[in-house]
Amino acid sequence: MTLGNMNKVGPAAVALCGLALAFALPNFVEVFVLVDLTAYIVMAILALSLALVWGYAGILCFGQSAFFGIGGYAYVLAAMNLGESTVPLLIGVALPMIFAAVLGYFLFYGRVGDIYLGVITLCVSLIFYNLVNSMSGTEYKIGSVPIGGHNGIPGVPPINLPGHPALQLGYQGTFQLSLIVLVFVYVGLHLLLASKFGRVVISIRHNELRTELLGYDARLYKLIVFVIGAGIAGIAGILFANWGSFIGPTVFSILFSAQIIIWIMVGGLGTLLGAMGGAFVIQWLNTLLGTTKIADPNIVLGAIFIVFVLLVPRGVQPKLLDFIRLLARRTVDRDGEASVTNHGKM
Amino acid sequence: MRRRFGGVAAIDGVDFTLAEGELRCIIGPNGAGKSTFFKMLSGQLRPSAGRILFRGEDVTGAERFRIARRGIAIKTQVPNVYDGLPVGENIRLSAARKQAPAAARQIVEEVLVRTGMTSHARRLVGELAHGQRQWVELGMLIASDPVLMLLDEPTAGLSKNEVARMAELVRDMRAGRSVIVVEHDMAFVQMIGGSVTVFHQGRILVEDSMENIRRNVQVRDVYLGKRSYAGA
């Protein structure tokens with residue numbers, strides 16, 4: 001479960017590395033590398049949102065992409081209407097959270113079963129996908145900005161310094177902001193999960209009945225986690241729109257929703273680092289397969305999913321930790337054996 | 001109270017009263033409705049008919065966490081513990097609901113000693129033997145400082161020595177609390193004392209002292225399967 005002090009030292013080290021990279025890396029690599037990394041970082045933030053909701057709270061949400069998309073679209077529509085990014089940033093985080101609060105209320109207080117919750121959240125994604133896709137006509141607009149249907153909304157202005165619309169983020173700035181946000185989200189989640197609140201949330205995944213029999217209102221805990229997860233997904237959506245200067249309805253697709261789940265499965269349920277790692281590796285693999293055309297990325301993704309479910313159900317990080325523990329125990333045994341031998345001799 | 005599952009009346013007209021501070025043992029053959037009865041008391045099931053009053057207040061159909069907050073704690077027939085978490089954390093979660101972190105940690109230490117689980121504090125509950133898991137669950141109940149304790153087969157999987165230890169613990173815990181124990185182990189029932197209620201086919205057959213129950217022909221027949229309630 002915990003490797004002693006690793007619990008505090010590990011995350012702090014990760015955070016420091018992240019911040020160091022944010023400031024140092026742009027000096028060592030080309031801009032296009034930063035741009036590629038930014039995309040992976042944004043997906044890692046999205047992965048963390050599902051890591052919280054599913055990996056730790058046990059809520060199998062198939063619609064995390066819906067909150068990602070709502071955040072992205074809300075930010076884009078607000079920013080292009082207002083000409084400034086500060087208030088739209090808040091809207092892009094708040095709107096998915098409000099939506100999650102309403103949806104979550106019905107899901108958790110209605111005591112909807114796990115499978116039905118998965119189906120309902122999947123449908124939510126589907127609904128948004130089809131809805132936005134169908135809004136191609138010029139009559140579909142928020143303020144002066146057309147929703148654009150399947151074409152999406154291009155020309156998204158970069159995030160600017162609050163109060164200074166002219167001071168916009170370039171590629172380097174976007175990379176740095178995204179990485180700093182990732183570090184903050186990672187540390188924030190780590191602190192949340194170590195808190196009294198977080199430990200109750202974790203207990204819900206292990207045995208919700210027992211948690212309620214102890215007097216905790218599991219519905220409220222799940223709702224709060226669901227809303228926080230939606231907010232984080234919304235942040236990722238905003239950064240995604242900023243990265244590509246574009247947002248389109250594919251962010252609501254089932255394929256995308258499924259990918260997020262695969263990242264967590266591969267990286268490890270109940271992990272934060274593993275979740276981010278899973279996102280990075282799968283994305284990188286996706287890009288590699290896409291460019292080298294060895295195999296259809298979706299087939300490979302599906303195969304990975306099947307292999308992991310059957311052979312490595314807890315994901316990579318837990319397996320890796322088990323292996324490290326095994327090695328540590330073997331060393332202790334060997335030492336123990338040696339001392340027994342010495343004792344015998346004496 | 002009544003509780004139906006489709007066409008089956010698991011509980012078919014049970015009138016049960018427990019005085020504050022009383023210890024009662026519920027016995028009866030399998031399928032008599034004992035666990036179903038407990039599930040209704042702890043809020044896991046809603047009665048199909050009838051009411052449950054706790055200290056004068058109607059708690060029928062209340063959310064299970066609200067019933068737990070009133071001080072009703074249950075050790076379920078199949079242990080409901082956190083297999084994936086360490087023993088210490090299991091107990092801490094129970095204590096932490098009402099206590100500040102420092103006080104909770106203190107309670108965890110005390111409970112670990114009382115249940116004999118100190119050396120296992122860091123072990124994952126899922127790795128323990130069934131009997132040890134029973135102790136963990138009991139520890140969680142103790143840590144929550146309940147008003148009413150419902151113990152569903154607390155001695156299942158325990159050795160003779162452990163049964164004696166469990167009886168001692170139950171007698172200790174009785175002070176200032178009400179306890180209902182569902183059991184099959186008659187020796188244990190004798191050890192802890194208290195009057196006995198016999199369940200059969202979803203109804204109460206007889207309520208009496210253990211002495212009299214042991215001599216009761218009806219009860220013996222019910223256990224040996226010679227009698228069905230309808231056959232009077």
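Biologist: How many of the five residues in strand E5 (residues 164–168) of chain A are buried?

Modeller: The count is zero, and E5(A) is hardly covered; a residue is called buried if 20 or more other C-beta atoms lie within 10 Å of its own, exposed if 12 or fewer, and partly exposed in between, with C-beta atoms placed from the backbone. Strands (E, at least two residues) and helices (H or I, at least four) are DSSP runs numbered from the N terminus.

Biologist: Before we go on, what sort of model is this, and how are things numbered?

Modeller: This is a predicted model, in which local features need pLDDT of at least 70 and side-chain atom pairs count only at pLDDT 80 or more, while totals for chains, interfaces and linings use all residues. Residues are numbered from 1 along each chain as its sequence is written, and chains are lettered from A and ligands numbered from 1 in the order in which they are written.

Biologist: Back to E5(A): which way does E5(A) run against strand E4 of chain A, and how many bridges join them?

Modeller: E4(A), residues 160–161, and E5(A) run antiparallel and are joined by two bridges, where two strands pair if DSSP finds at least two bridges between them. Asn160(A) has Gln168(A) in E5(A) as its bridge partner. The hairpin of these two strands has two residues between them, and Gly163(A) takes a positive phi near 85° there.

Biologist: How confident is the predictor about chain A?

Modeller: The average pLDDT of chain A is 89, and 93% of the residues score at least 70; pLDDT is the predictor's confidence in each residue, from 0 to 100. Over residues 336–346 of chain A, however, the pLDDT is below 50, and beyond near neighbours in sequence this stretch has zero contacts in the model, a contact being two residues whose C-beta atoms, placed from the backbone, lie within 7 Å. Where pLDDT is low, the predicted coordinates should not be read in detail.

Biologist: And the helices of chain A, say H6: what does H6(A) span?

Modeller: Helix H6 of chain A covers residues 171–194, 24 residues in number, and reaches 35 Å from its first C-alpha to its last, close to the 34 Å expected at 1.5 Å a residue; the expected span is 1.5 Å times one less than the number of residues. Its buried residues include Phe175(A), Leu179(A), Leu182(A), Tyr186(A) and Leu193(A).

Biologist: Is Tyr73(A) buried or exposed?

Modeller: Tyr73(A), which lies in helix H3 (residues 64–82) of chain A, is buried because 29 other C-beta atoms lie within 10 Å. Tyr73(A) and Val251(A) are 178 residues apart in sequence, and their C-alpha atoms are 9.7 Å apart in space.

Biologist: Switching to chain B, what is the strand order in its open sheet of six strands?

Modeller: The order is E6-E7-E8-E3-E9-E10 in chain B, with mixed pairing. Strand E6 (72–75) and strand E10 (203–208) are the edge strands, each pairing on one side only, and the twist averages 20° from one strand to the next. Angles run from 0 to 180 degrees between N-to-C directions, and axes are lines fitted to C-alpha atoms, for helices over the stretch in contact.

Biologist: Which strands does helix H1 of chain B touch?

Modeller: Helix H1 (residues 34–41) of chain B packs on the sheet and touches E3, E6, E7, E8 and E9 of chain B, and its direction makes about 150° with that of E7(B).

Biologist: Why does Arg55(B) count as exposed?

Modeller: Arg55(B) is exposed because it has 11 other C-beta atoms within 10 Å. Arg55(B) sits in the loop between strand E4 (53–54) and strand E5 (57–58) of chain B, and has a positive phi of about 50° although it is not a glycine.

Biologist: Last one: how many residues does each chain bring to the contact?

Modeller: Chain A brings 15 residues and chain B brings 18 residues. The side of chain A that touches chain B divides into six nonpolar, four polar and five charged residues, where Ala, Val, Leu, Ile, Met, Phe, Trp, Tyr, Cys and Pro count as nonpolar, Asp, Glu, Lys and Arg as charged, and the others, Gly among them, as polar.
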